[in-house]
Amino acid sequence: MPKLTIDGKTLEVAKGTTVLEAAQQLGVHVPRYCYHPKLSVSGNCRMCLVEVEKSPKLLTACSTEAAEGMVVHTATEKVKAARRDVLEYLLLNHPLDCPVCDQAGECGLQDYYMEHSRAKSRFPAEDKVRRQKRRPLGPHLVLDNERCILCTRCVRFCAEVTKTAELEVMERGDRSFIDLKEGRALDNGYSLNIADVCPVGAWTSRDFRFKQRVWFLKKTPTVCLGCATGCLTEVHHNEGAIYRVMPRPNAETNTWLCDAGRMVYKAVQAGDRLAKGVIKNGLIELEPALRETASRIDENHAAAAVLGSPWLSVEDNAALARLAKDALKTENFSFDFNAEQGIKDGILINKDPAPNAAGARRVKAACGGLSFGELAAKVASGAVKVLVTEARAAALLKNELKAGGARLIVFAANRSEIPQGAYATLPYANYFETPGTFVNFQGLERRTVPAVAAPEGVRPLWAMVNRLAVYSGTSLHLDSAEAALKGIL
Amino acid sequence: MPFTLTETFKTRAALVCARYPRKDAALIPLLQELQREKGYVAEEAMDALAVFLGLPYSRVKAVVTFYTMFNRVPAGKYHLQVCRNVSCHMAGAPGLLARLREKLGIAEGETTKDGLFTLSAVECLGACGTAPVMQVNDTYFEKLDAGKLDALLEDLRHGRLRAIGR
């Protein structure tokens, strides 16, 4: 365990720790571009140069292993001069794009220039090397070679994380540029992480470009509901609209976020978002829709069934359980979902596309109910006359519903989710709009935090269930998400 | 017709690969081998070599584009490669390049219409002590000046690729 001194403070670090990481442990930020904690060390940007006593030259903190008795200085005049010089070099051929660059506000060059340089360029603008600008490469990214500082984070991401190795530095010297095979698209399922790791404005997201200046964005930490992995995310939004979803790196689950997970937010502000009820394909106001639905359930009170959903939060599943047990007073309900879970691609994407099968099983553990197979058999045999569930869960019983002919009542957030043949559909607030508890494939409980408000009149699913029960003449007393959770978590 | 690696190449490649602990270490010698066969390394050849060595195509392309010694298009009968690095630059390489451009009527990277000359500016040829240097095909011409260059061009026009007085 080597002991070293950084800026007068001594600390002991694990063998193999680099000077940069050791400094980080002390809270000393060494500026860097090419270093990334989850990628191999490249040492090419030279931004992290520090002074080490008894070393004749400055050393790159990212690639120098901490050694016993090492004395490091990160803020001497020599280091400061080196940073200024490195920045001057990196900015030599960098275009003056900042006013029209989407990275402005979260750009490594802007930040370090203000912090470490503030020098006027001695290089005439007309001598700058010109390169290809705004090249769409693949469905998610645009590459601007002129802005690139060749840190190779993107190259290493593709080689080491996705192992697809599409990118490389072509040519050499001041003619170098990042490129991939002609005619090939950069579409490896994780490509938007490249826009995140890019410290400058070379790689930008086609989805996010020019939608919003980053300094206007508000950030809400939440959870990705794209699959059972349950990655921690951060939703960036402003004035009631979501603009992008970024990963919130954590030791348990994720450093990155897949492209599909980043696009889940699109459904929230999609054109087919439901704010009213749907009865047999016709949109109707919410209250009449609830009344109609309640009377259809009452008609078949004795033969009603409820199926929970692995796409719903524990709260909303619990509310559905209360509906079955306390309002319908039936034993025909199931919260039993056992899809195979586990990381499918060795990175993040789960075999189970639903985010909360484990959470639904907790409702089952507390409230009981039938196994999924038992309920499916009852639906198929026609013993169930009316089934209440969530739209995507209804698809799990598609064939049984066809065989048994039960009337289907679903909760759906978007019109495109409504399964064919649904009799009534009720809208609900999704989890960018309402808090909910989810249990991921590792059994970790995670809560979504609302980033934006639901469309007018749309309430969380537990509140909709409460209203539905009132129309049927029962009060479930579901006044809050916590009330629904009582006795379950 | 899709590009395929010849059997001769594959036999030689097996020998080259055997010299290295890792297959990817054989990349540069095999690119040289390909260039010896055809005179240049075509895009399809890079693809085939990448598959052969189990490397990503981008890696092969990156190496080919990094080294100026690999031609990506067929070169003329005489490939004039003028070093453009520091020592040669200071010893007058820009003047030599300008003279060649003017006399041949082509820019760097181009080939004369008669197919005789291809002009390239290349990276360090490792002969800084005798700068400025130009490599013609596989032969070095060192300590060049305008007079020597003119004499050399005259020789080459008559099909004589030979050393000139030092």
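Helices here are DSSP runs of H or I with at least four residues, strands are DSSP runs of E with at least two, and both are numbered from the N terminus. On that basis, A:Ile488 sits in the segment that follows α14 (481–485) of chain A. The model is predicted.

Is A:Ile488 buried, exposed or partly exposed? A:Ile488 counts as partly exposed because 18 C-beta neighbours fall inside 10 Å.

Which residues does A:Ile488 contact, once its neighbours within four places in sequence are set aside? They are A:Val314, A:Ala318, A:Arg362, A:Val363 and A:Ala366. A:Leu49 is 439 residues from A:Ile488 in sequence. In space, the two C-alpha atoms are 54 Å apart.

## Strand β1 of chain A

Strand β1 of chain A covers residues 3–6. Its covered face carries A:Leu4 and A:Ile6. A:Lys3 and A:Thr5 are on the uncovered face. In a regular strand, side chains alternate between the two faces of the sheet.

β1(A) pairs with two strands, β2(A) and β5(A). With β2(A), residues 9–12, the pairing is antiparallel and runs over four bridges. With β5(A), residues 71–73, it is parallel and runs over two bridges. A:Thr5 takes part in both pairings. Its bridge partner in β2(A) is A:Thr10. Its bridge partner in β5(A) is A:Val71.

β1(A) and β2(A) form a hairpin with two residues between the strands. In this hairpin, A:Asp7 takes a positive phi near 50°.

The domain assignment divides chain B in two: domain 1 spans 7–66 and domain 2 spans 78–157. Taken over C-alpha atoms, the centres of these domains are 28 Å apart.

How many residues does each chain bring to the contact? Chain A supplies ten residues and chain B supplies eight. The chain B side has four nonpolar residues, two polar and two charged.

## Confidence

Chain B has an average pLDDT of 93. In that chain, 97% of the residues score at least 70. Where pLDDT is low, predicted coordinates should not be read in detail. For the model, ipTM is 0.89 and pTM is 0.93.

Notes:
Residues numbered from 1 in each chain as written. Chains lettered and ligands numbered in written order. Predicted model: local features only at pLDDT ≥ 70, side-chain atom pairs only at ≥ 80, totals over all residues. Contact = placed C-beta atoms within 7 Å. Nonpolar A, V, L, I, M, F, W, Y, C, P; charged D, E, K, R; others polar. Buried ≥ 20, exposed ≤ 12 C-beta atoms within 10 Å, placed from the backbone. Pairing = 2+ DSSP bridges. Domains from an automatic or database assignment. pLDDT = per-residue confidence, 0-100.
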